[in-house]
Every structure is written in C-alpha cells, then in structure tokens.
Amino acid sequence: MAGFKAALINEIEKLYKKKKVLVAVIISLIFIILGQLSIIALRNGFGLRGVSSMDFPILVLSVVANTILPLFTALVTIDSFSGEFSHNTMKISLTRPISRLKFFTAKLTAIILFVLANLVFVMIFSIIAGLLFNSNSFTLKGIIRILLSYTVTLMPMIVLSLIIAFFTNIIKSSVGVFFLSIFVFIVFKALEIIFYRYSGLFFTSMINWYTLWIMDNIPFFKILRQFILMLSYDIILFTGSYYLFDKKDF
C-alpha cells in the first residue's frame with residue numbers, strides 16, 4: 001500500500017506541474033463566463049427569462065461534459081502513458097520497488113482525480129456565477145441535483161480514460177492515439193444516431209448519464225442497466241489495458 005501511495009503522489013505531482021491542468025482551468029472558466037454572459041445578453045436583448053441559478057450549472061455541465069472534459073481527459077491520459085513511452089521516462093518510474101499493477105493503477109487513479117477536480121472546479125464556479133446573477137432561485141433541492149449530476153458524470157469519464165489508456169498501450173505515438181480517440185468518439189456518436197434504438201450501448205451516450213438522475217420520475221432500472229454496462233466496460237478495459245502494459249518491454 002505504501003508503494004501505491006508513493007506512486008500516486010508522484011503521478012499527481014507530475015499532472016499538477018503540466019500546463020494542461022492550467023489550460024483546463026482557464027478554458028473551464030471561459031466557458032462559465034461566456035455561458036453566463038450569453039444568458040444575460042439573451043435576457044436583456046430578447047426579453048427571455050434565461051435559466052435559474054440552479055439550472056445554470058446543469059447547463060454548463062451539458063456543454064463541458066461533451067466538449068472540453070473528454071478532450072482534456074484524453075490529453076492527460078495520453079500524456080501519462082504515450083508521453084512517457086516516447087520520452088523513455090516510464091522505465092525510470094518502474095525501477096522503484098513497486099509492482100506494475102500498482103504503478104498502472106496509480107496512473108489511472110491520478111487521471112480520475114484530475115477529472116474529479118475539474119468537475120468540482122466547474123461545479124463550484126458555475127454555482128457562484130449562477131448565484132451572482134440570479135440568487136432568488138437558490139434552493140436546497142437544486143444544490144442536491146447539481147451535486148448528483150456532477151458526481152455521476154465521473155463514471156462515464158472513467159470509461160473514456162480507460163478506452164484511451166487501452167489505445168496508448170497499442171499505439172506508441174501520442175498523436176496517433178489522439179486522432180484515433182477523436183475518430184472513435186465521432187464514429188460512436190454517429191452510430192448513436194444511426195442505431196438510435198441501441199444508443200444506450202455506446203459509451204458516448206453514457207456521458208449524459210446524469211440526466212437520468214435529475215428527472216422528476218427517476219428511471220431506476222435504466223440507471224442500473226447503464227451502471228452495470230459501464231462497470232463491465234471498466235472491468236474489460238482495465239484488464240485489457242493492464243495486460244498490454246504488463247507485456248511491454250521498457
């Protein structure tokens with residue numbers, strides 16, 4: 001356990017020092033500010049009501065979860081694996097007294113913590129932005145809906161990070177993995193439209209899993225079905241990715 005903890009701290013420090021984290025924070029803030037300014041412009045220019053302070057964070061999540069969050073999850077995952085493969089720094093990390101399984105798990109855990117931190121950051125600042133411009137609509141129920149939405153969004157992002165980790169252990173090139181990830185994402189989005197009856201099977205549709213949790217009548221069976229499906233994805237992808245990682249000759 002001590003070896004895993006040391007490896008995890010090391011991976012978190014490496015992520016913290018990368019410029020991608022700062023860029024993710026800046027772009028997230030820009031999304032929040034532009035979103036709130038757009039709502040104000042619509043309300044003042046066209047007389048539209050806009051959204052309440054409790055609906056604004058959900059609106060931000062719907063945009064962020066389908067754009068910048070998958071993008072930065074992909075970039076961080078690629079950098080953690082393919083980046084170190086190409087710079088031959090993976091070999092140095094593996095000289096420590098730690099098993100490959102613990103090292104591999106520490107890397108994935110650090111990526112998941114990055115995604116979680118990004119979600120928490122966006123949630124907090126979108127709530128603040130919503131309250132600054134429409135504090136009258138603040139409710140406890142609204143806060144619970146927001147917390148729930150942002151929390152459950154973490155799980156589909158874990159699936160995405162494992163898919164990309166799987167690709168990084170097949171393709172050495174960071175650029176190759178990045179474009180392959182984009183291609184696969186677009187293909188699955190297209191398949192959602194073409195085979196709309198089976199769209200729930202594609203991992204891209206799971207990004208909006210949070211919408212099921214905030215319905216007036218929560219579809220528990222559908223939530224459970226998607227949870228089991230995502231858990232299956234996680235187990236298969238983790239096993240496959242670790243198998244390829246373990247077989248690599250660094």
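Is Phe-179 buried or exposed, and what is its relative accessible area?

Reply: Phe-179 is exposed, with a relative accessible area of 54%. Here buried means under 20% relative accessible area, exposed means over 50%, and partly exposed lies in between, for a 1.4 Å probe and protein chains only.

The model is predicted, so local features need pLDDT of at least 70 and side-chain atom pairs count only at pLDDT 80 or more, whereas totals for chains, interfaces and linings use all residues. Residues are numbered from 1 along each chain as its sequence is written, and side-chain values use heavy atoms, with hydrogens and water left out.

The structure contains 13 aromatic pairs. Rings of Phe, Tyr and Trp (its six-membered ring) pair if their centres lie within 6.5 Å; planes under 30 degrees apart count as stacked, over 60 as edge-to-face and the rest as tilted. Helices are DSSP runs (H or I, at least four residues), numbered from the N terminus. Phe-104 is buried, with a relative accessible area of 0%, and Phe-245 is buried with a value of 0%.

Phe-179 itself pairs with Phe-178 in an edge-to-face arrangement, 5.6 Å centre to centre with 75° between the planes. Phe-178 is partly exposed, at 21%.

Phe-104 and Phe-245 also belong to one aromatic cluster with Phe-81, Phe-103, Phe-238 and Tyr-242. Over the ring of Phe-81 sits the charged end of Lys-107, 5.7 Å from the ring centre. A charge sits over a ring if NZ of Lys or CZ of Arg is within 6 Å of the ring centre and within 35 degrees of the ring normal.

The buried residues of α11 include Leu-237, Ser-241 and Phe-245. Its 28 residues should span 40 Å at 1.5 Å a residue, and the end C-alpha atoms are 40 Å apart, which agrees. The expected span is 1.5 Å times one less than the number of residues.

In the model, residues 174-191 are 100% helix and 0% strand, with end C-alpha atoms 26 Å apart.

Notes
Helices (H or I, at least four residues) and strands (E, at least two) are DSSP runs, numbered from the N terminus.
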